[in-house]
Amino acid sequence: MTAKPADRLKDNFIDEVRTQANGHWEAILRQLAIPTHRQEGQCPNCGGKTRYRFDDKEGRGTYFCSHCGAGTGLDLVMKVNQCNARQAAKLVANVLAMPLPEKRMKPAPAKEAPSTDLLPNSKISVLVLVIN
């Protein structure tokens, strides 16, 4: 199944945010008030006392919670803020001072081009009668 152009734009934005955030997740999460402790501690999502740790493997903001599971920095932002990937990407983009994507407006309907055809015979006849 092929993605729609609008879906590709959304995916591009999310991918661009992930790329820009790579290697900066600890600072980003701190700005979003999400703990980045490397020792097991309270999970910012489920609240478990010794379940969560931030390990930031390969600079992707990775984390692990024995109750919630594991994921990337963007996954963590989504879970903690209870939002979708696009909303989470906007939060991260804001921290990184990245421009947000413009809202796509529906294009105005195309205006019908003026006809270059000659007048039909019936209209010519009427014009001839009016002139005489």
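Author: The structure holds one aromatic pair, where rings of Phe, Tyr and Trp (its six-membered ring) pair if their centres lie within 6.5 Å, and planes under 30 degrees apart count as stacked, over 60 as edge-to-face and the rest as tilted. The rings of Y52 and Y63 have centres 6.3 Å apart and planes at 35°, so this pair is tilted. Because Y52 lies in strand β1 and Y63 in strand β2, the pair ties together parts that are 11 residues apart in sequence; helices (H or I, at least four residues) and strands (E, at least two) are DSSP runs, numbered from the N terminus. Both Y52 and Y63 are buried, a word that stands for under 20% relative accessible area, with exposed meaning over 50% and partly exposed in between (1.4 Å probe, protein chains only).

This is a predicted model, in which local features need pLDDT of at least 70 and side-chain atom pairs count only at pLDDT 80 or more, while totals for chains, interfaces and linings use all residues. Residues are numbered from 1 along each chain as its sequence is written, and side-chain values use heavy atoms, with hydrogens and water left out.

Between β1 (52-54) and β2 (63-65) runs a loop that includes T62, and at 7% relative accessibility T62 counts as buried. The side chains of T62 and D55 are joined by a polar contact of 2.5 Å, that is, a pair of N or O atoms within 3.5 Å, of which, within protein, one must be able to donate a hydrogen and the other to accept it, residues adjacent in sequence counting only if both atoms are side-chain atoms. Setting aside neighbours within four places in sequence, T62 is in contact (heavy atoms within 4.5 Å) with F54, D55, D56, K57, G71, T72 and G73.

At the start of α4, a side-chain oxygen of N84 reaches to within 3.1 Å of the backbone nitrogen of R86. A85, also found in helix α4, is partly exposed, with a relative accessible area of 23%. Although A85 and I14 are 71 residues apart in sequence, their C-alpha atoms are 7.2 Å apart in space. Just after α4, A97 takes a positive phi of about 60°.
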